[in-house]
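Subject: A structure for you to look at

Hi,

Here is the structure I promised to pass on.

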Amino acid sequence: LFASVELAPRDPILGLNEQFKADTRSNKVNLGVGVYYDDEGRIPLLESVRKAETALLADAAARSYLPIEGIGSYNQGAQKLLLGADAPQIAEGRVLTVQALGGTGALKIGADFLRSLLPQARVAISNPSWENHRALFERAGFPVETYAYYDAETHGLDFEGMKDSLNALPEQSIVVLHACCHNPTGVDPTLAQWQEIASIVKARNLVPFLDIAYQGFGDGLAQDAAVVRLFANANISMLISSSFSKSFSLYGERVGALTLVTASADEATRVLSQVKRVIRTNYSNPPIHGGSVVSRVLNNPELFQLWEDELGGMRDRIREMRHQLVEKLRDRAPDHDFSFVLTQRGMFSYSGLNAEQVEQLRAEHGIYAVSSGRICVAALNSGNIDYVASAIATVLK
Ligand code: PLP
Ligand code: TYF
């Protein structure tokens, strides 16, 4: 039966993790996978999460099946975080949210739903994008192409190229947009540029699928959702996949949500019924624990404040690492200008290192990065940043 099965390639990022684990060097550093580590190099258990879990344990309940769409208070919390608590679209009953297995699960439910709705559509992702975007939409049956995004010369956005690409897409093409903290480049459009993108999306009748996996890691919870609110207020129907994996440091709980902003309450009811059908035929209904924890935090003002402060702490620490990295590279590699690292946002920086230099970092220094040159700034800390800066300076020579 399985004799003809070929070996599939490893996920380029998660595969790197396996390689890192097998490395026996004590000074090894993993700048590959997009995970937030604290200054001691540990994945934190947030205090807000611990408190919510303690409270949950105190009134432990039996575990029946959840509804297909998941925990109601979780879904409401998630949509308020995206659109704002006072969003008119929510009051009008035009927004629906379903609990999903992480941001990835949300993308997959959305992709499967869109595939039955728009079987002829193509999908456009940014060049470059998170590796799994292409794979996931291709698996769902779509042809996937890219739109211009990153300008390697300026280490910034190729905005003219991006607009040209979007303008050239056929109507009803699905456009996957990173709402904030672009993975892998760390380069985001400005709000004024998002406004222009919204105009194109509207004029060209494109279908925006906003992916937001790092809300709170850019400028703050509300600020990072600005594009979601901008699109909603422009009356654009859209899909939004959101993830709490990073913002709650709950990677293994698979906490995400798919939110759809529709044109009317009636439309929302019909869309929800179809989205539930996709879920039912995939995994029936989501798990309880992670969603319950997040729901507690989102719906309890004290816990929410604590979480927002903790998230702010993570954001500030990453910024501090960006500053220190730029400073240390200025000392050690004065011929190279790394100041662009300061304008990039979120967990990642496209460092400009090439595949050869990345390989040299791994082989000679035990420092792991993605071959594209993407480094996870959130994995730097006061104990490893000097070592990393010196190693980068060495491979630049
Ligand atoms: N989308 C982007 C852009 C990501 O970087 C990630 C990272 O993991 C995801 C989606 C998936 O999130 P999750 O880990 O919650 O599935
Ligand atoms: O880009 C990253 O590193 C994170 C984690 O298949 C990740 O988004 C990477 C690959 C993958 C799933 C998650």
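First, some housekeeping. This is a predicted model, so local features need pLDDT of at least 70 and side-chain atom pairs count only at pLDDT 80 or more, while totals for chains, interfaces and linings use all residues. Residues are numbered from 1 along each chain as its sequence is written, and chains are lettered from A and ligands numbered from 1 in the order in which they are written.

The protein averages a pLDDT (the predictor's confidence in each residue, from 0 to 100) of 97, and 100% of the residues score at least 70. The ipTM and the pTM are both 0.97.

Now the overall layout. The protein splits into domain 1 (14-45 + 306-396) and domain 2 (65-299); such bounds come from an automatic or database domain assignment. Their C-alpha centres lie 27 Å apart. Where they touch, domain 1 gives 24 residues and domain 2 gives 21 residues, with contact meaning C-beta atoms, placed from the backbone, within 7 Å. On the domain 1 side, helix H13 (301-332) provides the largest share, six residues. Helices (H or I, at least four residues) and strands (E, at least two) are DSSP runs, numbered from the N terminus. That side divides into 14 nonpolar, six polar and four charged residues. Here Ala, Val, Leu, Ile, Met, Phe, Trp, Tyr, Cys and Pro count as nonpolar, Asp, Glu, Lys and Arg as charged, and the others, Gly among them, as polar.

Next, the ligands. A residue belongs to a shell if its C-beta atom, placed from the backbone, lies within 6 Å of the molecule. Around ligand 1 there are two nonpolar, nine polar and one charged residues, including His178, Asp211 and Ser243. Helix H5 (residues 102-117) gives the largest share of that shell, three residues.

Finally, have a look at helix H3 (residues 72-83). Its twelve residues reach 17 Å from first C-alpha to last, close to the 16 Å expected (1.5 Å times one less than the number of residues). Among its buried residues are Tyr74, Asn75 and Leu81; buried means 20 or more other C-beta atoms, placed from the backbone, within 10 Å of a residue's own. Just after H3, Gly84 takes a positive phi of about 95°.

Cheers

Notes:
Two residues are in contact if their C-beta atoms, placed from the backbone, lie within 7 Å. A residue is buried if 20 or more other C-beta atoms lie within 10 Å of its own, exposed if 12 or fewer, and partly exposed in between; C-beta atoms are placed from the backbone.
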